[in-house]
Amino acid sequence: MAAATVLGRLSLIPNLSSKPKLKSNRRTTSTSVSIRAQASFSDPFVLQLAESLEDSLSASPSSSSLPLQRIRDSSAETLLSTPWPSRKDEPFRFTDTSFIRFSQIEPVSTHQRNSEILDNLTETQFPNAVIIDGFVSSLTIGPSDLPDGVYFGSFSGLPDELTNRVSEFIGNFDSGDLFWSINGMGAPDLMVIYVPEGCKVEKPIYLRYFCGETGDRESKRLPVSNPRVFVLVEEGGEIGIVEEFVGKDEEGFYWTNPVLEVVVQKNGKLKHSYLQKESMASAHVKWTFVRQEAESEYELVEVSTGGKLGRHNVHVQQLGPDTLTELTTFHMCVNEQTLDLHSKIVLDHPRGSSRQLHKCIVAHSSGQAVFDGNVRVNRLAQQTNAGQLTRSLLLKPRATVNIKPNLQIIADDVKCSHGAAISDLEEDQLFYFQARGIDLETARRALISSFGSEVIEKFPNREIRDQARNHVKGLL
């Protein structure tokens with residue numbers, strides 16, 4: 001019988017095996033000094049991974065930029081004091097990361113042009129970047145794609161007048177977990193999207209991520225890439241961002257560990273579309289940090305279907321009144337995989353609003369979906385309206401979903417609600433189809449497709465909607 005749990009516990013992680021020796025010929029940088037200083041306090045496995053990440057950056061000329069170095073230094077401090085997570089850790093209670101932990105992790109260190117990926121790309125009408133193994137491999141912007149003042153490219157190419165403005169926000173986000181710190185130490189470049197005050201960008205910017213270097217499941221060699229993107233929308237600006245993660249090989253063995261940081265200033269709007277279609281043998285652990293100022297809007301629409309382990313951490317902080325946050329997400333497990341959504345929305349000011357709908361389908365007996373959604377309404381966030389709803393379909397015996405929706409409310413003048421529903425397809429609905437001459441298999445397929453279409457239809461662009469719809473139908 002399908003299982004569902006709504007539980008929680010907090011505990012500590014034991015340290016791992018003995019500490020490896022540090023290399024004596026390491027170049028002298030602030031990061032390496034920090035690694036040495038904290039070596040005695042570190043998880044040996046994490047320390048070894050930190051050294052590998054540091055070594056991989058020596059081949060990347062853009063990694064020496066000041067903002068990236070600042071991110072790297074702060075990440076080293078948190079990384080080296082954090083052990084590798086286990087099932088005893090509350091945030092990872094239902095998410096087993098041993099698949100990554102017991103692989104031979106190798107950071108991708110060089111930027112190589114992958115003609116196979118670039119030559120087989122589908123055309124798109126949007127300004128777009130192709131990011132392979134964390135490196136920007138292709139940037140396509142038409143002459144009329146972006147209004148004057150909008151910047152889209154590597155941090156190293158920022159105009160002088162924007163460098164200080166963008167640098168003011170980079171590295172000033174709250175720390176995430178171990179995987180966030182791994183990205184901070186290992187990101188070879190920083191992609192920047194900047195929208196000036198009052199500018200409304202009609203076409204969304206399309207970011208396409210690929211893994212060019214794959215490992216080997218027999219030897220457990222697991223290449224890891226750490227793409228990092230920063231978005232700044234100035235007061236009154238509007239833009240759409242599309243992120244698509246694609247596995248070129250259905251059985252590719254690799255680990256993608258991306259971070260997206262977003263600042264939306266007063267009265268700004270950002271529509272964020274996110275498609276995760278990684279290889280079924282890969283690991284995908286993503287962090288999305290969003291800071292919203294007064295009267296701003298942030299909307300996320302997500303469809304995730306790939307990865308042996310797929311996890312999305314979404315943290316949103318409302319920093320002003322009359323702010324709107326909307327998260328609409330759909331996860332589908334059709335294989336022996338774990339798909340996990342951990343979301344946190346913090347409301348600190350009056351008249352804030354947040355809406356969250358999470359839907360998932362588990363269509364494999366060894367598949368598992370995880371949802372941990374937290375909405376925190378602090379004392380000054382009066383007249384807040386926050387809603388959270390999760391719905392899950394379990395289509396096979398022993399398919400599992402672990403759900404932990406929770407509200408933390410300190411304010412006393414609020415409208416807040418949450419709910420969870422877990423079931424198989426309704427017999428009455430199947431009977432309705434069959435009574436009209438439709439066979440059982442076709443009826444089930446139609447109901448499953450319509451279950452996810454509520455989320456897919458929220459994508460603001462037709463091209464992305466069609467792509468997501470066709471992808472889900474192909475998996476079914």
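Buried here means under 20% relative accessible area. Keep that cut-off in mind on this tour of a predicted model.

**Stop 1: histidine 284**

Select histidine 284. The residue sits in strand S14, which covers residues 283-292. Is histidine 284 buried or exposed? Its relative accessible area is 1%, so histidine 284 is buried.

Now show its surroundings. Setting aside neighbours within four places in sequence, histidine 284 is in contact with Phe245, Thr256, Pro258, Tyr274, Gln276, Glu278, Leu309, Gly310 and Arg311. Keep Tyr274 displayed for the next stop.

**Stop 2: lysine 286**

Stay in strand S14 and select lysine 286. At 0% relative accessibility, this lysine counts as buried.

Bring Tyr274 back into view. Lysine 286 lies over the face of tyrosine 274, at 5.4 Å from the ring centre.

**Stop 3: lysine 277 and glutamate 244**

Move along to lysine 277. This side chain forms a salt bridge with glutamate 244, and the closest N and O atoms are 2.8 Å apart. Lysine 277 belongs to strand S13 and glutamate 244 to strand S10, 33 residues apart. Lysine 277 has a relative accessible area of 16%, so it is buried. Glutamate 244 also counts as buried, at 6%.

**Stop 4: the sheet**

Switch to cartoon view. Look for an open sheet of 10 strands with mixed pairing. Trace the order S4-S3-S7-S10-S13-S15-S17-S19-S21-S23. Which are the edge strands? They are S4 (135-140) and S23 (414-423), and each pairs on one side only. From one strand to the next, the twist averages 10°.

Zoom in on S15 (residues 297-304) and S17 (residues 324-333). These two strands pair in the parallel sense over 8 bridges. Select glutamate 297 to find leucine 324 of S17 standing opposite.

**Stop 5: two helices across the strands**

Color helix H9, residues 440-456. H9 lies across S15, S17, S19 (353-362) and S21 (384-394). Its direction is at about 150° to S19.

Color helix H10 next, residues 462-475. H10 lies across S7 (205-210), S10 (238-246), S13 (269-277), S15 and S17. Against S13, H10 runs at about 25°.

**Stop 6**

Side chains of opposite charge can pair when their charged atoms come close. How many salt bridges does the structure hold? There are 21.

Select glutamate 90 and lysine 404. Their side chains meet in a salt bridge at 2.8 Å, N to O. The two residues are 314 apart in the chain: glutamate 90 is in the loop between helix H3 (66-79) and helix H4 (98-101), and lysine 404 is in strand S22 (residues 400-409). Is glutamate 90 buried or exposed? At 13% relative accessibility, glutamate 90 counts as buried. Lysine 404 is partly exposed, with a relative accessible area of 21%.

**Stop 6: aromatic pairs**

Show the aromatic side chains. A search of the whole structure finds 12 aromatic pairs.

Pick phenylalanine 179 and tryptophan 255. Their ring centres lie 5.9 Å apart with planes at 80°, so the pair is edge-to-face. Phenylalanine 179 is in helix H7 (residues 178-186) and tryptophan 255 is in strand S11 (residues 255-256), 76 residues apart. Phenylalanine 179 counts as buried at 1% relative accessibility. Tryptophan 255 counts as buried at 0%.

Step to tryptophan 180. Its ring and that of phenylalanine 289 have centres 6.0 Å apart and planes at 70°, so this pair is edge-to-face. The link joins helix H7, which holds tryptophan 180, to strand S14, which holds phenylalanine 289, across 109 residues. Tryptophan 180 and phenylalanine 289 are both buried.

Then widen the selection. Ring pairs link Phe45, Trp84, Phe92, Phe179 and Trp255 into a cluster.

**Last stop: arginine 101**

Finish at arginine 101. Its charged end sits over the ring of phenylalanine 102, 5.0 Å from the ring's centre.

Definitions and conventions
Residues are numbered from 1 along each chain as its sequence is written. Side-chain values use heavy atoms; hydrogens and water are left out. Helices (H or I, at least four residues) and strands (E, at least two) are DSSP runs, numbered from the N terminus. Buried means under 20% relative accessible area, exposed over 50%, partly exposed in between (1.4 Å probe, protein chains only). Contact means heavy atoms within 4.5 Å. Two strands pair if DSSP finds at least two bridges between them. Axes are lines fitted to C-alpha atoms, for helices over the stretch in contact, and angles run from 0 to 180 degrees between N-to-C directions. A salt bridge is a side-chain nitrogen of Lys or Arg within 4 Å of a carboxyl oxygen of Asp or Glu. Rings of Phe, Tyr and Trp (its six-membered ring) pair if their centres lie within 6.5 Å; planes under 30 degrees apart count as stacked, over 60 as edge-to-face and the rest as tilted. A charge sits over a ring if NZ of Lys or CZ of Arg is within 6 Å of the ring centre and within 35 degrees of the ring normal.
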